[in-house]
Amino acid sequence: MEEKQSLISPPVPLAQLGEDQNLKPRMETRGLSVYYGKKMGVGSVTMPIYTNQVTALIGPSGCGKTTFLRALNRMHDLTPIARVEGEAILDGQNIYTPGVDPVEIRRKIGMVFQKPNPFPTLSIYDNVVAGLKLLGVGKKSVLDEAAERSLRQSALWDEVKDRLRAPGMSLSGGQQQRLCIARALAVQPEVLLMDEPTSALDPISTQAIEDLMTTLKKHVTIVIVTHNMQQAARVSDFTGYFLTGELVEFGPTNTLFTAPKDPRTEAYITGRFG
Amino acid sequence: MATVRTQSRPSTSPLYRAFGDRLFAGLVLLLCLLIIGIVLLIGWQLGWNGARAFEVFGIVGFLSSTAWNPVTDVYGAWPFILGTLITSLLALALAFFPALAVAIFATEYAPRWLGNVLSYALELLASLPSVIYGLWGLSVLVPALRGVQQSLFLWASDHAQWLLPVLGNPIGIGLSAAVMVLAVMVIPYTASLAKDSIALVPAVQREAAYGLGATKWEVIRMAVVPYARGGILAGVILGLTRALGETMAVVLVIGNNKNLPFTLFGPATTIPSAIVNEFGEAQGLQLSSLLALGFILFLISGVLNLLAAWIVKRMSVDGRL
Amino acid sequence: MTQISGNLRRRQLWDKVMLGLLVLGSLVVVAPLVLVLSKVFLTGFSALNLAFFTQDFQPVEAGGGGLRHAIVGTILMNLLALLIGGTLGLAGGILLSEYPDHPVNPTLRVISDLLNGLPALLKGLVIYTLVVIPTGSFSGYAGALALGLVMVPIVLRATEGVLKLVPWNVREAGLGLGLPRWRVILSLVLPAASSGVITGLMLGFARAAGEAAPLYFTAGGSQYLNFNLSQQTESLALTIYKYANEPSPLRVEQAWAAALVLTLLVLIASLLARWVARVRP
């Protein structure tokens with residue numbers, strides 16, 4: 001309990017842990033809970049999400065990590081029985097304040113899903129610029145530039161630059177996932193939420209996307225849900241461990257994996273269950 | 001194990017089993033072959049008996065001729081084909097957007113109970129006998145339409161004389177009445193299939209668009225409708241086949257006029273209404289010509305149906321086209 | 001950023017406009033149903049009387065009579081049609097569901113799709129050339145044959161659908177008991193799916209009862225009560241078609257009364273279908 005309390009004011013534990021003092025939270029949740037009907041999916045999670053860092057959420061399946069992730073860009077608004085309590089703060093504003101438009105929030109907080117889901121009728125190019133077109137950007141030069149930038153950022157440009165007009169569905173699974181990342185990046189989100197982005201992919205594509213994350217975090221703050229502890233250890237700077245809807249422990253990844261404070265965390269990372 | 005069972009149960013002797021199974025399967029197969037045979041026979045009957053019309057007038061000649069005269073025994077199919085196509089396509093054009101709207105509304109917006117009510121309403125619309133639509137068209141729609149047509153006609157005669165030949169006689173009965181009745185009858189077919197395929201759109205497709213910061217309508221436009229396009233297309237094709245073959249409702253309100261040119265308000269005809277109106281006294285070449293018309297309808301509706309069935313099947317296999 | 005927020009207001013407005021259009025479109029769809037049904041019920045009920053069920057055709061000057069002859073004709077032809085269409089449709093459904101690898105199945109499926117979309121008019125027209133012309137007269141038998149063809153694909157699809165819902169372990173249990181396959185199908189699978197099969201038969205019956213076009217070429221219609229299907233026979237749907245065009249308001253009212261009876265039949269069949277679908281887990 002003590003550790004969790006201290007997280008409400010993030011600079012303190014960081015100073016204690018001797019981390020880089022310049023870290024600033026881009027997002028922060030305070031007592032964030034998600035209910036499905038009467039059942040609680042996630043209970044009172046308080047944690048920071050640091051700017052230009054990769055934050056991994058790990059835990060056994062059904063632990064609420066995906067539920068928590070989807071609360072960060074108001075995806076639960078789409079599920080009639082889901083209800084969110086507490087605060088999720090982006091740039092000093094609670095995204096659950098009445099009057100805040102979830103559409104605007106989702107523009108600022110992009111999302112990549114478990115399975116690649118390019119728009120089936122659109123070309124590679126049109127998939128990437130789909131979000132920009134929604135925002136009313138019509139100028140071809142702007143769109144072209146954004147498409148190339150996003151595709152370069154998602155490390156797909158070299159593979160598709162000669163066939164931008166081909167259907168997005170014609171790509172391989174790993175390429176489709178990178179296309180979805182490019183699509184999310186094109187609207188220049190502040191935070192990118194990734195929900196087990198490699199779980200449907202082969203090892204080589206997984207490697208490509210993991211490599212991508214380390215370069216991407218220069219441009220965008222990343223939160224990734226993963227069922228794969230090695231992946232969390234490889235790509236993330238901070239890790240939160242979830243168990244039965246509760247955030248058990250949060251801290252710098254190497255600390256959490258080498259010196260977990262909570263015995264439950266230790267049990268999980270040493271492979272005793274989960 | 002099987003032998004143990006057969007010993008304990010004398011009724012399941014191998015003879016009883018093998019003979020019964022063979023007899024039953026044979027009977028079922030026979031009945032199924034009968035179904036297949038009947039459908040082939042329908043095509044054969046129409047084609048074979050209608051062939052004389054094609055022989056006498058030539059295929060192109062029969063299809064393109066506008067003559068239909070039992071006195072001189074000269075027949076051509078063009079007015080009927082044209083009327084069938086015009087009424088069906090116009091009805092479909094009229095029905096398409098409301099059908100898509102109700103499909104989208106019922107699946108994406110309406111609360112569950114309202115969605116169920118709308119589904120049931122569509123089911124009822126589809127199952128009401130067509131002759132009731134005809135009765136309603138003739139006694140309710142046509143008089144109402146006549147008033148509208150007459151005021152439009154008067155307006156046009158004052159302000160847009162050139163429109164008059166397009167509009168035709170504002171008598172209520174005619175092409176526009178048939179198109180409206182058909183549109184009402186086509187909607188449930190198109191809407192149900194569209195609704196089913198929209199319901200099949202996976203959540204990740206919607207979320208892809210929501211995640212980009214799309215509004216609900218933008219999600220529907222970007223993700224839902226494109227993904228469901230196969231089912232929507234199949235619904236349109238099925239609607240078209242229903243409109244093409246619809247008989248009694250159209251016969252009652254279309255006015256049965258085979259003289260070209262057709263006008264928007266004025267009476268027209270279709271293949272089914274020609275068959276209904278003329279078969280009574282038809283013999284010889286005239287009957288052949290009617291059967292040839294039926295054969296044309298058989299071919300068109302057959303091809304469209306198989307196309308729709310193929311699309312639906314593909315849709316259910318991988319969720320998209 | 002500022003430019004982006006600027007366009008959001010317009011997009012949200014557009015979102016509302018489109019919702020408005022969707023609601024409008026849905027109303028356009030529902031409106032005819034309400035109009036047709038209310039007209040059928042209001043006019044039909046006021047035209048419905050005892051004579052409708054107890055009297056046969058009479059001239060308008062003699063009071064117009066009733067439609068007993070049409071009701072009897074509808075029932076007789078539809079029952080025979082149910083026998084024909086039900087048997088064929090059941091057999092088709094059984095083959096597709098219980099013998100899934102049978103080589104005939106792909107063809108049967110295509111043929112069933114074809115038959116389902118084939119205009120009922122053509123079914124009647126072909127029976128006309130095959131039965132009416134050779135025998136020289138319209139008859140209730142010809143009508144029942146045409147209506148049977150209308151029922152086949154409906155019953156077939158319904159049967160195939162519900163039989164496939166019966167879990168495979170029901171069949172395995174039966175076969176494991178040493179029952180022959182035909183006994184398993186007839187005594188285990190069909191009874192397990194009986195409510196669905198009956199619904200399919202009812203839907204087919206209701207659909208066929210509303211068909212006028214195929215009967216126009218086959219049953220021919222009649223003004224007399226007749227229990228002999230070798231004679232010309234009347235049906236309610238056919239009566240509606242004929243009376244709709246009659247100059248006498250009395251005839252049109254009788255047509256509405258007949259429409260009410262047919263509509264009730266359709267309503268009951270579809271409600272039953274819903275009910276059965278809900279009862280089944």
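The legends below describe close-up views of a predicted model. Local features are given where pLDDT is at least 70, side-chain atom pairs count only at pLDDT 80 or more, and totals for chains, interfaces and linings use all residues. Residues are numbered from 1 along each chain as its sequence is written, and chains are lettered from A and ligands numbered from 1 in the order in which they are written.

**View 1. The open sheet of chain A has four strands in the order 2-1-4-5, with antiparallel pairing.** Strands are DSSP runs of E of at least two residues and helices are runs of H or I of at least four, both numbered from the N terminus, and two strands pair if DSSP finds at least two bridges between them. Strand 2 (39-50) and strand 5 (93-94) of chain A each have a single partner strand, so one side of each is left without a neighbour in the sheet. Eight bridges join strand 1 (residues 25-36) of chain A to strand 2 of chain A, and A:Val34 has A:Val42, in strand 2 of chain A, as its bridge partner.

**View 2. Chain B meets chain C through 73 residues from chain B and 71 residues from chain C.** Residues are in contact here if their C-beta atoms, placed from the backbone, lie within 7 Å. On the side of chain B that touches chain C, the largest share, 19 residues, comes from helix 2 (residues 14-57) of chain B.

**View 3. Helix 9 (residues 194-209) of chain C is mostly covered, with 13 of its 16 residues buried.** A residue is buried if 20 or more other C-beta atoms, placed from the backbone, lie within 10 Å of its own.

Methods: The expected span of a helix is 1.5 Å times one less than its number of residues. A residue is buried if 20 or more other C-beta atoms lie within 10 Å of its own, exposed if 12 or fewer, and partly exposed in between; C-beta atoms are placed from the backbone. Two residues are in contact if their C-beta atoms, placed from the backbone, lie within 7 Å.
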